[in-house]
Amino acid sequence: MNYRMLGSTGLLVSEIGFGTIPILQGNIPVLPDYFNLDEKEALAVMNYAYKQGCNLYDTAIVPEYGDAEIKLGKFAASIGRKHIIISDKARFFSGSEMYQAVETSCENLGTIPDLYFVHQVDADHENEVFGQGGALDALTELKAEGKIRYAGIATHYYDILLRGAQDDRVDVLQGSGNLLERGMLDRLREEPLFRKKGFLVNKIYAAGLLPAKFSVQTLIDFVLSYPISSALIGLGTMEQIDAAINKTISSQESKIPSFSEVLAVLEKEYVPIPCDRCQRCVCPYGTEIHTLFRQYHYFHLGKDYWALKKLALGITESAKHCRECITMPCMDACPQKIRIPQKMQEVEQLTLL
């Protein structure tokens with residue numbers, strides 16, 4: 001296992017971080033029902049990863065990640081708390097809610113987390129999180145009180161990550177990216193401000209879909225080619241750990257395919273939209289064009305029911321706006337020169353099947 005510095009924190013973290021979703025039990029509506037490890041099985045899997053050199057374990061408050069937070073706390077106690085770095089998070093945006101969430105997490109873990117993130121910050125809650133009395137202020141206060149070591153922002157949006165990179169209260173950032181959805185990672189590499197923050201990347205396998213098309217080694221090598229701290233991967237079996245962690249000690253690196261080469265692989269099964277989710281396509285009607293294009297890909301890659309369910313939340317209205325739009329600033333901003341209005345109509349057709 002190789003290790004990297006976590007921004008300016010002074011912490012060395014393993015290049016592969018342990019994502020705890022696969023070890024949970026509980027009724028989690030947004031997750032598949034096959035994640036069902038009991039406590040003994042979960043501790044064994046976490047210990048196996050630890051013996052392979054993994055020292056960063058990422059979780060979230062109960063019940064968002066089921067009982068994973070509690071299991072992680074028991075694992076930390078079993079091997080000695082000082083041997084691992086715990087990354088935790090909660091989806092609360094006000095200061096009072098976040099303060100209480102961290103105290104609850106400390107109780108669940110039986111210890112203080114090293115990193116604590118405001119989870120899934122979006123445009124609707126951004127100003128609340130960063131504003132006076134918001135969640136970030138609460139994390140700053142908790143850090144001063146010794147209840148967390150470092151404060152973070154976790155989001156899927158580049159503009160919010162950039163705001164976090166510009167904020168002295170933020171020590172660490174967490175965002176998403178993979179071989180297909182590489183646009184945001186490309187932008188991170190171009191912006192020097194991100195070098196000062198620890199950066200964790202999730203969604204390396206794109207909801208588990210990309211390993212059917214590309215080797216795990218290729219997927220991980222791709223993400224680690226960027227100036228990040230650690231790649232977070234959901235690990236639930238010894239085999240998954242071997243595939244993810246043991247590849248990092250291989251002396252022969254895999255060839256990283258270009259974006260056009262990735263699209264060529266996908267073209268064997270369907271017509272992909274050449275969107276890398278750089279998020280430059282700002283829509284005057286507020287449509288998240290890149291997210292809808294992601295759902296199009298996920299539908300064709302195998303998550304058809306989940307993708308359609310997400311698309312049904314607004315694709316009809318978004319496609320209507322596209323038909324009516326005159327200025328089309330999204331097309332001017334798109335580096336891939338995608339004919340966005342046309343593609344939006346194609347995405348809408350999926351919901352009519």
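Tyr 57 and Phe 75 are both buried, that is, under 20% relative accessible area with a 1.4 Å probe and protein chains only. The model is predicted, so that local features need pLDDT of at least 70 and side-chain atom pairs count only at pLDDT 80 or more, while totals for chains, interfaces and linings use all residues. Residues are numbered from 1 along each chain as its sequence is written, and side-chain values use heavy atoms, without hydrogens and water.

Seven aromatic pairs were counted, with rings of Phe, Tyr and Trp (its six-membered ring) pairing if their centres lie within 6.5 Å; planes under 30 degrees apart are stacked, over 60 edge-to-face and the rest tilted. Among them, Tyr 57 and Phe 75 form a tilted pair, 5.3 Å centre to centre with 50° between the planes. Because Tyr 57 belongs to strand β4 (residues 56-58) and Phe 75 to helix α2 (residues 68-79), this pair ties together parts 18 residues apart in sequence; strands (E, at least two residues) and helices (H or I, at least four) are DSSP runs numbered from the N terminus. Phe 194 and Phe 199 pair edge-to-face, at 6.0 Å centre to centre and 80° between the planes, and both residues are buried. One aromatic cluster comprises Phe 18, Tyr 50, Tyr 57 and Phe 75.

The charged end of Arg 187 sits over the ring of Tyr 158, 3.9 Å from its centre; the criterion is NZ of Lys or CZ of Arg within 6 Å of the ring centre and within 35 degrees of the ring normal.

Notes: Buried < 20%, exposed > 50% of the residue type's maximum accessible area, 1.4 Å probe, protein only.
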